[in-house]
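Dear colleague,

Please read the notes with the model open beside them.

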Amino acid sequence: MAPLNTTLFYPYSFLLLGIPGLENVHVWIGFPFCAVYLIAILGNICILYVIQAEKSLHQPMFYFLAILSSIDLGLSTSTIPKMLGIFWLNLREIIFEGCLIQMFFIHLCTGMESAVLVAMAYDRYVAICNPLRYTLVLTNKIVSILALIILLGPLAITIPFVALILKLQFCGHHIIPHTYCEHMGIARLSCASIKINIVYGLCAISILVFEIIAIFISYVQILRAVFRLPSHDARLKALSTCGSHVCVMLAFYTPAFFSFMTHRFGKNVPRYIHILLANFYVVIPPALNPVIYGVRTKQIRERVLRIFSNK
């Protein structure tokens with residue numbers, strides 16, 4: 001029996017249009033995206049090197065930061081090189097399997113980024129609300145378990161995205177008005193019903209909302225503990241340890257929030273605004289995170305300055 005011709009169901013490739021409406025300035029848009037990518041790569045590699053080399057940084061807070069930097073490397077590398085190919089070389093075609101792989105890594109990395117931010121909030125909660133029990137609560141074993149949850153939780157959520165796309169049939173539609181492949185962007189090209197895809201996508205978003213609520217609750221408890229401290233200096237010191245984490249959360253969740261709101265309710269918003277916000281969601285955090293931690297974290301800042309001064 002002849003093998004089933006899967007091209008009846010899946011297109012050989014998709015065409016990514018980039019940012020519709022801004023095609024004339026694609027070349028110029030590529031330059032800031034390239035700069036952001038270089039910052040993300042160099043910054044996160046630097047963070048990983050410093051944490052690995054400096055034994056004083058071998059503690060839970062910096063282990064989570066190392067996980068965050070690894071995720072950021074994956075997220076930026078799975079999106080920006082293809083964007084630059086579209087902007088500069090007009091390489092819009094992406095094979096079906098490549099599109100699925102890109103979608104998988106984008107959803108996996110964004111899910112892991114949110115999960116690690118929850119773990120970092122818990123770390124700060126224990127450090128400030130139960131400082132005497134910090135080393136007893138966040139042992140290496142517990143940190144390893146949390147790292148496993150950070151990986152396996154989003155992985156379990158992301159795999160069904162791929163399975164749901166593979167169940168769809170595509171009847172000749174292959175143009176994606178975007179710079180990268182994401183679940184609903186691919187699903188909308190199908191000629192079959194995508195109700196399950198929509199429902200599952202909303203379920204995935206609800207998990208993100210629960211994670212934001214968990215972070216919010218952690219910081220309510222942190223602020224309550226901070227304002228009970230007797231001295232003004234002690235309160236400032238406690239708050240400063242949370243400053244980097246708060247900045248990183250804002251860098252990640254703010255573009256995500258505006259992207260979601262314009263996608264769901266901004267029917268009169270130009271398409272290129274939707275695409276730009278979606279790009280900021282996956283492009284900006286990987287570049288900002290190492291800068292934020294490099295500037296605000298004394299141990300990392302001093303180690304980096306020492307490396308460059310020795311050279």
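A disulfide here is a pair of cysteine sulfur atoms within 2.5 Å. The model is predicted, so that local features need pLDDT of at least 70 and side-chain atom pairs count only at pLDDT 80 or more, whereas totals for chains, interfaces and linings use all residues. Residues are numbered from 1 along each chain as its sequence is written, and side-chain values use heavy atoms, with hydrogens and water left out.

Two disulfides are present, and with the bonded cysteines numbered in sequence order their pairing is 1-3, 2-4. Helices (H or I, at least four residues) and strands (E, at least two) are DSSP runs numbered from the N terminus. Taking buried as under 20% relative accessible area, exposed as over 50% and partly exposed as in between (1.4 Å probe, protein chains only), Cys-171 is partly exposed at 49%, and Cys-191 is partly exposed at 41%.

The sulfur atoms of Cys-99 and Cys-181 are also 1.9 Å apart in a disulfide, and the torsion about their S-S bond is about -115 degrees, so this disulfide is left-handed. Cys-99 lies in helix α3 and Cys-181 in the loop between β3 and α6 (183–187), so the pair ties together parts that are 82 residues apart in sequence. Both Cys-99 and Cys-181 are buried.

As for Cys-109, which is buried at 6% relative accessibility, the closest cysteine sulfur, that of Cys-181, is 15 Å from its own, too far for a bond.

Turning to the sheet, where two strands pair if DSSP finds at least two bridges between them, there are three strands in an open arrangement, ordered β2-β1-β3 with mixed pairing. Strands β2 (93–95) and β3 (175–176) stand at the edges with a single partner strand each, so one side of each is left without a neighbour in the sheet. Strand β1 (residues 13–16) runs antiparallel to β2, to which three bridges join it, and Leu-15 stands opposite Glu-93 in β2.

Finally, Glu-54, in the loop between α1 (26–53) and α2 (60–89), counts as buried at 17% relative accessibility. Beyond its neighbours within four places in sequence, Glu-54 is in contact (heavy atoms within 4.5 Å) with Arg-303 and Arg-306.
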